[in-house]
Amino acid sequence: MNPRLKIKMCGSNVKVFYAQKEILHGIHLDIPENRVTALIGPSGCGKSTFLRCLNRMNDTIEGARVTGQILLDEEDIYDPSVDVVELRSRVGMVFQKPNPFPKSIYENVAYGPRIHGLAKSRVDLDEIIEQSLLKAGLFHEVKDRLHDAGTSLSGGQQQRLCIARAIAVRPEVILMDEPCSALDPIATARIEELIDDLRRNYTITIVTHSMQQAARVSQFTAMFHMGNLVEVGTTKTIFTSPGEQRTQDYITGRFG
Amino acid sequence: MSGPSVIFSVLLLGSGGFLVSCGWARIIEARGTRMHSRSHYYGWWTFLIVVIPSLVFFIFWSICTNLYLENKASSSCHTTAGDMAQSCSVLVKMAHDLAHKLVLDDHFRNSQEDHDAVLQNILGKRKILFSLDNKEHIVSIAIEWAQRIKKFHMIGTIITFVLAILSCFVGIFSVSPERRSRNRVECVTVFWLMLASSIVILITVGIVLSMLFQTISFFQSVSLANFFFGTVWDPRFSAVDSEEVVGQFGLIPLLAGTLYIAFIAMLFAIPVGLFSAIYLAEYTVPWLRGIIKPLLEILAGIPTIVYGFFALAVLGPFLHDLSIFLASGHAFIMAQSALTAGLVMGIMLVPFVSSLSDDIITAVPRSLRDGSFGLGATQSETIWRVILPAAFPGIVASLLLTASRAIGETMIVVLAAGVVARLTINPFEAMTTITVKIVNQLTGDFEFNSPQTLVAFALGMTLLVLTLLMNIVALYVVRKYREQYE
Ligand SMILES: Nc1ncnc2c1ncn2[C@@H]1O[C@H](COP(=O)(O)OP(=O)(O)O)[C@@H](O)[C@H]1O
Ligand SMILES: [Mg+2]
């Protein structure tokens with residue numbers, strides 16, 4: 001990996017147990033800053049589980065346990081002194097299925113800034129919301145109906161709303177778990193463009209099922225298989241000359 | 001043949017038709033023809049067309065002939081008894097009883113002659129005494145009636161069987177590869193399901209209508225204004241002089257009492273129930289939830305009279321003594337008071353509120369929680385800003401449902417707040433509600449069509465409209481927010 005790149009997050013020997021069953025068997029993975037890292041691999045191999053370790057979303061699951069170390073800017077996020085709530089505001093998450101809150105578009109985006117007290121005034125808040133919607137590429141479509149229900153948007157718009165909602169908290173890292181799997185090709189293309197734009201300001205980790213998507217949007221790719229990290233490298237290397245047979249097989253569609 | 005045995009025979013015939021059609025369909029299939037439906041559908045179709053038309057006919061026939069005979073008897077009674085219409089209905093009723101006894105009596109069925117002996121026997125058994133002229137009269141009507149019943153029943157039975165046998169043949173002979181029995185059985189099934197649900201609606205309409213008529217006849221003796229705007233409730237006073245009905249049927253004190261006690265109850269039940277629901281749904285570990293939730297549901301099943309005991313024996317005296325203690329000697333809380341009733345009713349409602357709300361809160365999709373946590377929200381922020389708003393329509397609906405229970409509650413009020421209709425805003429005094437007065441008026445020894453009794457129907461109607469309005473509001477709220485959020 002390019003030594004000039006700053007490592008934003010770094011997992012070492014990460015193991016996850018669901019009720020005593022080991023799901024991830026010691027993952028070592030670096031996530032470089034301002035780059036898109038794609039996690040690929042067959043279903044059930046633990047991609048989502050790993051992603052959820054990065055902002056401690058696994059804490060909300062009954063019976064889940066994480067061991068090992070995950071650093072965010074050299075700081076262990078599983079350290080008891082770490083405030084989970086603050087961590088999650090630095091490492092935001094976009095989910096597989098668009099999950100806007102049952103509130104207006106405006107309120108959806110305002111949710112994060114409100115709970116974290118990011119806006120001093122109403123004008124401030126309006127500004128944050130406009131900026132977030134702009135960055136998520138949604139502003140021009142919804143600027144006349146900011147007070148309509150977020151759930152009244154189309155699936156692709158809802159997902160961009162969720163991205164805007166995540167951006168509004170001003171995170172450093174954005175985690176995306178198959179953000180396009182519920183969307184049609186056009187909406188997918190828009191989100192992919194968006195991810196590329198966002199890369200300049202954020203570090204992005206994306207789980208994807210689509211090889212093309214990984215190839216299109218990411219600079220680095222990590223291949224998972226059955227709870228292990230098979231290999232990681234630049235997307236170009238992984239897709240043109242993978243070091244492992246399993247990666248080769250998966251990419252060419254022989255299993256998965 | 002008695003009614004039940006007719007029904008049983010028809011069912012038996014239907015089962016036979018089922019077996020034969022089924023078997024025939026199998027035979028055709030075995031010969032190598034592809035049938036449209038599986039063989040048992042042909043059987044079911046035959047069964048249905050045997051059983052349904054003939055039984056519907058039989059029941060319809062029985063009801064109609066019964067009405068016809070009743071009519072006939074009463075008209076013949078009228079012609080003989082002349083203008084004594086009042087006693088005539090009594091006579092007809094006696095004749096009706098006798099006739100049905102006669103029909104069931106074996107002797108009557110077997111021997112055509114010895115009616116008198118049989119009748120004597122029946123009358124002796126039932127210890128009915130008639131004056132002589134009355135008796136002859138009734139006996140002759142009853143005998144005629146019984147004979148007619150026998151005749152009509154016979155005709156009905158024969159037609160029923162002819163119908164059943166005919167349709168059995170139709171069913172069996174229509175078994176053919178092209179016949180779409182499966183689809184037809186489906187249609188009939190849908191029809192029955194529809195019938196079942198429309199029965200509920202019809203019964204509701206019937207209840208409302210019956211209440212409506214009594215209410216109307218109540219308002220013929222008491223004016224609308226005096227009922228709806230009257231502030232004095234004293235129906236008994238007018239019994240002394242039936243002309244002075246006006247002014248004593250004031251609804252206001254009862255309505256105020258009802259709403260006041262329900263208000264106190266909800267004031268207690270909403271926060272306690274809602275908070276315990278939030279705790280249950282969001283904070284308990286599964287095993288604790290597994291204990292508390294069933295307990296709450298058991299609590300919801302306790303008969304309200306038990307809560308009434310609690311109010312009467314424990315809470316009422318306690319509050320009374322407490323007020324003596326607080327005001328040093330002056331008991332400002334009566335032993336029976338709106339406060340006691342409201343509190344106990346609130347206790348009764350807590351399980352409803354919390355159990356219903358808990359279901360609604362847990363039904364909020366996990367993805368919303370995840371979304372909120374993923375943005376760095378704490379648990380309570382998530383609950384107050386995401387989960388509760390999402391559950392809001394459901395919670396409002398459940399609260400209104402609970403409020404209807406509070407308004408309809410009777411037992412607790414009788415025991416805890418008393419039966420005195422009083423218009424006051426002092427919650428420490430005795431009050432009463434609409435439901436209590438309904439029971440009071442219907443169980444009092446008034447004549448049935450006196451305004452004192454009929455007022456119960458007007459009160460019931462008011463209650464019905466009140467709860468109906470609440471349900472409409474609930475529906476409106478739910479729909480409005482659903483549109484906005486889903
Ligand atoms: N909440 C849970 N409880 C128990 N096992 C789980 C849970 N979530 C996921 N798993 C298991 O962990 C494994 C990895 O799941 P996941 O990370 O969702 O895979 P994917 O790579 O498809 O995202 C799967 O075998 C799944 O069955
Ligand atoms: Mg997954």
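Analyst: Happy to! In the largest nonpolar core, which has 118 residues, L133(A), I163(A), I361(B) and L459(B) touch the most other members. A second, separate core of 29 residues includes C45(A), C53(A), V82(A) and V173(A). This is a predicted model, where local features need pLDDT of at least 70, side-chain atom pairs count only at pLDDT 80 or more, and totals for chains, interfaces and linings use all residues. Residues are numbered from 1 along each chain as its sequence is written, chains are lettered from A and ligands numbered from 1 in the order in which they are written, and side-chain values use heavy atoms, with hydrogens and water left out.

User: What makes a set of residues a nonpolar core?

Analyst: The members are buried Ala, Val, Leu, Ile, Met, Phe, Trp, Tyr and Cys residues, joined through side-chain atoms within 4.5 Å.

User: Why is the pair of F227(B) and F228(B) called edge-to-face?

Analyst: Rings of Phe, Tyr and Trp (its six-membered ring) pair if their centres lie within 6.5 Å; planes under 30 degrees apart count as stacked, over 60 as edge-to-face and the rest as tilted. Here the centres are 5.0 Å apart and the planes are at 75°, so the pair is edge-to-face.

User: How do you know whether F227(B) is buried or exposed?

Analyst: Buried means under 20% relative accessible area, exposed over 50%, and partly exposed in between (1.4 Å probe, protein chains only). F227(B) has 0% relative accessibility, so it counts as buried. F228(B), at 33%, therefore counts as partly exposed.

User: Which cluster do ring pairs make?

Analyst: They link F218(B), F219(B), F227(B), F228(B), W233(B) and F249(B).
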